Amino acid sequence: MSMFAKLALRCAATAPCQQIAQSYACAAIGTFASRSLSTDTSGRLQGKVSIITGGASGIGREAALLFAREGSKIVVADLSEEGAAATAKEVQAMGGSAIAVKVDVAVEAEVAAVVAKAEDEYGAVHVMFNNAGIMMSSDDDAVNTSEEVIDKTLAVNVKGVLNGCKYSIPAMRRAGGGSIVNTASFVSFMGAATPQVAYTASKGAVLALTRELAVVHARENIRVNNLCPGPLRTELLMKFLDTEEKKHRRLVHVPMGRFGEAAEMAKGALFLASDDSSYMTGNNLLLDGGITAAYVTPE
Ligand SMILES: NC(=O)c1ccc[n+]([C@@H]2O[C@H](COP(=O)([O-])OP(=O)(O)OC[C@H]3O[C@@H](n4cnc5c(N)ncnc54)[C@H](O)[C@@H]3O)[C@@H](O)[C@H]2O)c1
């Protein structure tokens, strides 16, 4: 055991600095178990269990890795069984603990099974990151969007989030509290002349349902907030923006002049998931490169 770990453990015996010292001691001891897990951990989610939907890719994958570095056990839940398993493997490779579960968030019974699996495996659920979402290529304006696209988009993006809340809230009650983070979007606040009206409607609905659940559960030590990403350089958006012209059409509206990164969103999700945001509920964290603040952007 390093000198630093011994000192920290001694300090942990005295009440005032117990919590801080213990987390530093854990970090120091951790260097023996896994260097990559311990070097930059500050234990914001130490001892917690987090379910992350859409954990196979983009924001969800980055959040799984970051939450694990901060001490959380991770349940990676995704429609892609292979992708979920790959993320869980990455977490394990850096010394963390993770399981992968296949789920379609639009199917209530499957979401119930994910929460049950998390409690069976890890004993509790403290964080539910309802992050899985879709944007369909034939999503268009009100006149041209098919019923099929509307139904599917709302089923995944709205019912999927609601399902996650429905089954994680009782689990959080059993755990003594928790934090729900729902992924909405900057399009919850803005209209675009490149319409995807089913997607936009779905992300507006996420804002409203989060607000209401936050108020209902505020006195049960359960917080509910929205992560609202701007346009990102992830699979979901980049598969549409396959030419420089299409990218430019969007970037001209982003004051920072670039797309966001999934890793930048994961940091916001960590803030909302952890006690760093302990006095925040029913609210929205916009990480959008300034797009919702802009009228005329820099040349
Ligand atoms: N990329 C952006 O520009 C952007 C902007 C704002 C909001 N968002 C939102 O962020 C969230 C994550 O997006 P991303 O950019 O990381 O996308 P992504 O496509 O990289 O990842 C989405 C993940 O969700 C999974 N998924 C899709 N349908 C599912 C279902 N029915 N059940 C379970 N899992 C399912 C996919 O398999 C994938 O792994 C989404 O809710 C998206 O709407 C993205």
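**Exercise 1. Compare the reach of helix α5 with its expected span, and find which of its residues are buried.**

Solution. Helix α5 covers residues 81–93, which is 13 residues. From its first C-alpha to its last it reaches 18 Å, close to the 18 Å expected at 1.5 Å a residue; the expected span is 1.5 Å times one less than the number of residues. Helices here are DSSP runs of H or I with at least four residues, strands are runs of E with at least two, and both are numbered from the N terminus. This is a predicted model, in which local features need pLDDT of at least 70, side-chain atom pairs count only at pLDDT 80 or more, and totals for chains, interfaces and linings use all residues. Residues are numbered from 1 along each chain as its sequence is written.

Next, apply the burial test: a residue is buried if 20 or more other C-beta atoms, placed from the backbone, lie within 10 Å of its own, exposed if 12 or fewer, and partly exposed in between. In α5, A84, T87, A88 and V91 are buried. Seen down the axis of α5, the buried residues fall within an arc of 100°, so they line one face of the helix. That arc is taken from the directions from the helix axis to the C-beta atoms.

Then turn to the face away from the buried side: it carries the exposed residues E82, K89 and A93. The cover over the buried residues of α5 includes α4, β2 (73–78) and β3 (98–102). After α5 comes G95, with a positive phi near 95°.

**Exercise 2. Locate N221 and state its phi.**

Solution. N221 lies in the loop between α8 (197–217) and β6 (222–229). Its phi is near 65°, a positive value in a residue other than glycine. Most residues other than glycine have a negative phi. N221 counts as partly exposed because it has 14 C-beta neighbours inside 10 Å.

**Exercise 3. Locate R233 and list its contacts beyond its neighbours in sequence.**

Solution. R233 sits in the loop between β6 and α9. With 15 other C-beta atoms within 10 Å, R233 is partly exposed. Two residues are in contact if their C-beta atoms, placed from the backbone, lie within 7 Å. Leaving aside neighbours within four places in sequence, R233 is in contact with M238, F259 and E261. R233 and G260 are 27 residues apart in sequence, and their C-alpha atoms are 6.0 Å apart.
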